[in-house]
Amino acid sequence: MRNAPTVLHLDMDAFFASVEQAAKPSLRGKAVVVGGLGPRGVVATASYEARVFGVHSAMPMAQARRLAPNAAYLTPRFGVYRAISEQVMGLLRALSPLVEPLSLDEAFVDLEAEGAAWDRASAEATGSRLRADIRAVTGLTGSVGLAASKMLAKIASERAKPDGLVLIEPGTERALLGPMTVRTLPGVGPATGDHLRRAGITTVDEIVEAGEDELVRLLGKAHGHGLYAMALARDERPVVAERETKSVSVEDTYDVDIHDRLRVGFEVRRLADRCVSRLRAAGLSGRTIVLKVRRYDFSTLTRSETLRGPTDDPAVVREAAARLLESVDTTGGVRLLGVGVSGLADFTQEDLFAQAAEEIRDEEEVVEAPGEEPADVVPAEHRWRPGQDVRHAEFGHGWVQGSGVGRVTVRFETPADTVPGRVRTFRVDDAGLEPAEALPLVPGEACVQGLCGT
């Protein structure tokens, strides 16, 4: 580990919701929830105002609506978030060639690579300057953590939220980590946390007290050794600029073909557990489960299932693999079995983002009023999504507040406005209303990947 706090972790504050609040003056200071609005929808991001009511990422949207019925519920504007993310990542790359994006709104930066920082003072100055630059370019806030390792920089940025900067001095890490919950450490998800709790281990100090041998006994060799090192604040992972698509898998070849279906099922469950152990040791989660079967005649079949969200839960992976096995004929015998997990990430927001996109494709935008006859199906070109940018020939730029029963309600305002805009309701097929490009959040900023003013 380094002797100076030159690893920076940036986390944009409630990114998707903050973009919507910056773009829509009427939502500033209000509870905003972004995600899939259909019956299977999940929350991608909740503003800090919505979090007060208990709404959080990955929560079913129906539950969020019960907790915060008066919040604004919006579908994601994917192009806008990506464009702003590129602006932010450009600022990070100006500091160092070693930028490791984790998602659209989160990244590690090695400040030593280009000499952007070499000690506490220079690191703190660089972090402060970065936060100011992000606000100037995007109008948004980001929280910055600085430390001697990736793990600690991530912890520091969590402590800095929202809109702050925290630096962890080298040499103070053990004292800082000790009283923290085991879930603070990378690779400790809900399942591992529960397993440790049942063993009487709930804090990082208690991990250290239990000892490395006990961790290995409880969690297996790879995960036990790795977690014990993290508890001692040892994290040698480098900042890696290029993150290749990863997958984790295990497979076994059998000397004698397996014909017993129960034995095949047992082996699949065993392989699923081994695969999850490797997943956790790497501090990863994944949402696509893959089953590989090589039969007696050397024909190889693969089956996959994509979950609604990422997981490192062995029960979830076991159940998915068992479902996949049901579709494979093994009566002639099996000579090889494998279980893998792909679609991996250190953090889950990417997966929620993708799921929200799927929800938008699936959900129906027409909402029927109680007691009325069903309205005619609205043509695709006249469907309007909550949060969508629009322009009206008479009233100018605005965004969709909601639609249904042949009507669409639009609030006309722009990011530059200081007061909420006026609201108008139109027929969904109003000739003067059309989809529009998003306006830049900061007046005078150049167009970036579709973020264009008019």
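Biologist: Why does Asp389 count as buried?

Modeller: Buried means under 20% relative accessible area, exposed means over 50%, and partly exposed is in between (1.4 Å probe, protein chains only). Asp389 has 10% relative accessibility, which is under 20%, so the label is buried. Bear in mind that this is a predicted model, where local features need pLDDT of at least 70, side-chain atom pairs count only at pLDDT 80 or more, and totals for chains, interfaces and linings use all residues. Residues are numbered from 1 along each chain as its sequence is written, and side-chain values use heavy atoms, with hydrogens and water left out.

Biologist: What makes Arg77 and Asp389 a salt bridge?

Modeller: A salt bridge needs a side-chain nitrogen of Lys or Arg within 4 Å of a carboxyl oxygen of Asp or Glu. Here the closest N and O atoms are 2.5 Å apart, so the pair passes. The two partners are 312 residues apart: Arg77 is in the loop between strand E4 (72-74) and helix H4 (78-95), while Asp389 is in strand E13 (residues 389-392). Helices (H or I, at least four residues) and strands (E, at least two) are DSSP runs, numbered from the N terminus.

Biologist: And Arg77, buried or exposed?

Modeller: Buried, because its relative accessible area is 9%, again under the 20% limit.

Biologist: How many salt bridges does that rule give?

Modeller: The count comes to 24. Another of them joins Lys24 and Glu20, 2.5 Å from N to O, and both of those residues are buried.

Biologist: What makes Glu267 and Arg263 a salt bridge?

Modeller: Their closest N and O atoms are 3.0 Å apart, so they are within 4 Å. Both lie in helix H12 (residues 261-281), four residues apart, about one turn of the helix.
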